[in-house]
Amino acid sequence: MTREYTFIPMHQLLLPILILELLSFIFISGLVLFFVQFFKKPIIALLFSVLVLVGGMVLPQFVVAERSFAQFIPMSYFFALQPVNGMFGISNAYAFADETELATYPQVNFTNGVIVLLIGILILLLLNYFVAEKAQKGIKES
């Protein structure tokens, strides 16, 4: 069995990686802002943010059963290099599967990452707006 290596020039990967990372940072900021607005105590908001973000990033990487819907989880695109170069799930699959049965997950790619992260950002913007409006109405009524 011979192995075939494919080399991708870095200049082809850099711009998509930067775009996914920028969208990921915006998504993380919106999610943390939502938790801070929703939970009034900062320590609870911090704990919940860490659990959701880290859990969401680790889950599709290590749990093989979760990879079937990994393209719908915004946290799948936080490690931007893997979706851009098509190697999502490969680096960790060696520990869990036979090397001959490794499979790529082409549905976790740059295009789907941009779509999922933009939808997630829009949903978070709306949620943050409604939570802030509710808080403002509560202040005016008091």
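I call a residue buried under 20% relative accessible area, exposed over 50% and partly exposed in between, using a 1.4 Å probe and protein chains only. This is a predicted model, so I take local features only at pLDDT of at least 70 and side-chain atom pairs only at pLDDT 80 or more, while totals for chains, interfaces and linings use all residues. Residues are numbered from 1 along each chain as its sequence is written, and side-chain values use heavy atoms, with hydrogens and water left out.

**Surface entry.** I looked up Val50, which sits in helix H2; helices here are DSSP runs (H or I, at least four residues), strands are E runs of at least two, and numbering goes from the N terminus. Val50 has 43% relative accessible area, so I log it as partly exposed. Val50 belongs to a nonpolar surface patch with Ile43, Ile44, Leu46, Val54 and Val58, about 510 Å² of accessible area together. My patch rule takes residues with over 30% relative accessible area and no salt bridge, joining nonpolar side chains (Val, Leu, Ile, Met, Phe, Trp, Tyr) within 5 Å and like charges within 9 Å. A salt bridge needs a side-chain nitrogen of Lys or Arg within 4 Å of a carboxyl oxygen of Asp or Glu. Areas are Shrake-Rupley with a 1.4 Å probe, and for residues only the protein chains shown count as cover.

**Another H2 residue.** Ser49 is in H2 too, which covers residues 42–62. Is Ser49 buried or exposed? At 4% relative accessibility, Ser49 is buried. Beyond neighbours within four places in sequence, Ser49 contacts Val32 and Phe35 (contact: heavy atoms within 4.5 Å).

**Rings.** I found eight aromatic pairs. Rings of Phe, Tyr and Trp (its six-membered ring) pair with centres within 6.5 Å; planes under 30 degrees apart are stacked, over 60 edge-to-face, the rest tilted. Phe34 and Phe35 make a tilted pair, 5.8 Å centre to centre and 50° between planes. Phe34 is buried at 14%, and Phe35 is buried at 7%. Phe34 also pairs with Phe38: the centres are 5.7 Å apart and the planes at 25°, so I call that pair stacked. Those two are four residues apart in helix H1 (residues 10–38), about one helical turn. Ring pairs join Phe34, Phe35, Phe38, Phe39 and Phe48 into a cluster.

**Core.** A nonpolar core is a set of buried Ala, Val, Leu, Ile, Met, Phe, Trp, Tyr and Cys residues joined through side-chain atoms within 4.5 Å. The largest one has 24 residues, and Phe27 is among the members touching the most others. H1 gives the largest share, eight residues.
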